[in-house]
Amino acid sequence: TEAYLHLKESSEFDAAFFTSHQLPALMKVLDEKAVPYTVFTEKEDIDFLSRIFYKRAEGMKMLAEYIAKSGYKQIGLLRPPQTSADCQGKIELLINCLAARGVEYLPNWTFHLQDNKEAAYKKLKAEFPAERSDMPKLFFCESVTHPFAFYRLMSELNLKIGTDISVISHGSRMAFDGLTPALTYLRIPYFEVGREACKILD
């Protein structure tokens, strides 16, 4: 609502770049104001005047293939507390790709955490089981803030990242600066996408 009102009343910009297609109300405002915009999306069935298309399904398949080839047999998840239908579809796609490659998703090792490092750490610490005999060797973090919470808690539990337990995510290098050991992640080329958006809107 706040973003909607700001866009409706603002005249501070002459173009916009949406990193998601899930903001139709905001796009409608820009259509009404005749402000050009482009959309970063994996959707082929939505008719935008301008979009930068990416193949999310291929990315999830690549990630699943890497996990299976690395020898992991089970996986847990760190997820936001609420997810859109689009994000839910992404995770279901990953789980299905993993299952097709013999990697089992363990629902009882799924934690719904806020998108905030400190809040995520506190909730994870409160919910993480003391009995860990069936704990998977790998966790996938849906949010870029969750690996920081996970690393911190594992250190307190004397579990070594990369040896006792592993973490994988997706995002950009800058999002994971400061993590030691370095995080394995599926890189999303945000800089290249932003550069392409500027070319389109120029």
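Analyst: The axes of helix α5 (residues 117-127) and helix α6 (residues 146-156) come within 8 Å and cross at roughly 45 degrees. Helices here are DSSP runs of H or I with at least four residues, strands are runs of E with at least two, and both are numbered from the N terminus. Axes are lines fitted to C-alpha atoms, for helices over the stretch in contact, and angles run from 0 to 180 degrees between N-to-C directions.

The model is predicted, so local features need pLDDT of at least 70, side-chain atom pairs count only at pLDDT 80 or more, and totals for chains, interfaces and linings use all residues. Residues are numbered from 1 along each chain as its sequence is written, and side-chain values use heavy atoms, with hydrogens and water left out.

On the α5 side, K117, E118, A120, Y121, L124 and K125 meet H146, F148, A149, F150, R152, L153 and E156 of α6, where contact means heavy atoms within 4.5 Å. By class, this contact has seven nonpolar, one polar and five charged residues. Ala, Val, Leu, Ile, Met, Phe, Trp, Tyr, Cys and Pro count as nonpolar, Asp, Glu, Lys and Arg as charged, and the others, Gly among them, as polar.

In the loop between α6 and β7 lies N158. N158 is not a glycine, yet has a positive phi of about 60 degrees. Most residues other than glycine have a negative phi.
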